[in-house]
Amino acid sequence: MKLSLSFVSVSLTALLASQVVAFPHLDPNALHGLLKRGAEAKDCPFSHATTHQHTKRQPTFDPIAQRVSTTGKHAWKAPNLAAGDKRGPCPGLNALANHGYLPHDGIAPMLDIIQAVNQVYGLALDLAGFLAAYGTVFDGDALSLTPGYSIGGPASTGLLSGLGITRTPSSLSGSHNNYEGDTSATRGDLYVVGNDDLLQIEFFQQYYDALLEDTPAPQQYSALFNFRQSRFNHSIETNPYFFFPQFAGVLVTPAGYIFPPALMSNKSAEYPEGYLDKETFKSFFAVTGERGNFKYQPGHERIPDNWYKRAIGHELTIPGFLLGILEFALRDPRLLSVGGNTGTTNSFTGVDVTALTKGVFNGATLAQGNNLQCFIFQLVQAEAPSVLTGLYEVLTKALQPLVDSIQGSLKGLSCPQLVGIDQSQYEKFPGWKKNPSGL
């Protein structure tokens, strides 16, 4: 599959449109309505997650089309971290590099990342595109002839040796509040443990214990709610710098809970939607040993042999991913609250929508009429950083559909006019001031 510059434009359009979850303090009744509408969408793989009932469009298992090669050129090869190979906080990307689906050094062009996660895991091109594009723009080198980013630490030579749009490319391991965030499923909070890319055995074991055995992947995900909530509470209780921004927090952090059952589970005729057994889980997270005596070897993530990806035509899309977020947010609306601790533990405070939007919107009326849609797209316009304007200039006409798409989405809605975002609302959060990013 060959991807063109026009696809990059579409991917970035999806990137901005995906920020529909950047609405703090949404009323639970409104969340229920969104979840219901999502469940009616035929392309949402978690659409039956709350009822465990099969939808009309169920995947079928094709052992030939879905088998993922782990032999030949895709045989597992350990990284040479001492020699500069990069591995970082995303176990799925680490495994792809170890199996030759991405460059072994971990410095990957954006289009290679999109192709690899689609080919190996069944991540849909819309979701793969916006995640890869966002990582490239904010933590990689979008100005290169082969734009991309390091899946681990910063690179000093090769693809990312130049400057990014706003700074030297920082990589995924240096993307706190941009891409990587607090309350990770298996990683510690940066300002508590001192790094954000190494697995913490304590959290891994909690995840391991929460995985239901002999259970289809969607139900396994639903059963992770208590674990997800406990990790959120843990950050509130232990990290005075805890900050939960729109992108790295509300949108990206849930991937650590959604992706393992959705993408790493092994598909079969018995479990066409997948089943994440605990040996497979350990393999993808570079963990060996038995419960109570786990050993973690950084960077050694592995795709198991005889492993099968998501069914063709049943890829994990943006709607399906957002539905997974909403399922948990319906049970704990804090998971959609942009905010953080205010310098001490147990001081979590959400951003006030009215103050953030200078009185144009408020949380109580977001679900009324066109307010939610207006709020979403105008917030995207108001908070889209100047780096994207720079990217428009670099790619010129190729990205004009992105601008037209946002403007077209607002046309005819009679929206209240949002003239700007009051970023001073973030000043109360030391975790934001230490790294003022996190669209």
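Glutamate 290 is exposed, with a relative accessible area of 53%, where exposed means over 50% relative accessible area, buried means under 20%, and partly exposed covers what lies in between, using a 1.4 Å probe and protein chains only. The side chain of glutamate 290 meets that of lysine 282 in a salt bridge, at 4.0 Å from N to O, and by salt bridge I mean a side-chain nitrogen of Lys or Arg within 4 Å of a carboxyl oxygen of Asp or Glu. Its partner, lysine 282, is buried, with a relative accessible area of 4%, and Glu279 joins Lys282 and Glu290 in a network of salt bridges.

Before I go on, please keep in mind that this is a predicted model, in which local features need pLDDT of at least 70 and side-chain atom pairs count only at pLDDT 80 or more, while totals for chains, interfaces and linings use all residues. Residues are numbered from 1 along each chain as its sequence is written, and side-chain values use heavy atoms, with hydrogens and water left out.

How many salt bridges does the structure hold? There are 4, and one of them pairs arginine 291 with aspartate 209, whose closest N and O atoms are 2.8 Å apart. That pair links distant parts of the chain, since arginine 291 sits in the loop between β4 and β5 (295-296) and aspartate 209 in helix α7 (residues 201-210), 82 residues apart; helices here are DSSP runs of H or I with at least four residues, strands are runs of E with at least two, and both are numbered from the N terminus. Arginine 291 counts as exposed at 51% relative accessibility, whereas aspartate 209 is partly exposed at 37%.

Arginine 334 and aspartate 332 also form a salt bridge, with their closest N and O atoms 2.7 Å apart. Here arginine 334 is partly exposed, with a relative accessible area of 26%, and aspartate 332 is buried at 5%.

Let me turn to the backbone. Threonine 183 has a phi near 65°, a positive value in a residue other than glycine, and threonine 183 is found in the loop between β2 (148-150) and α6 (190-193), buried at 0% relative accessible area. Alanine 286 likewise has a positive phi, near 60°, in the loop between α12 (278-284) and β4 (287-288), and alanine 286 is buried at 7%.

As for the protein chain overall, there are 18 helices and 7 strands, and buried residues make up 57% of its 439 residues.
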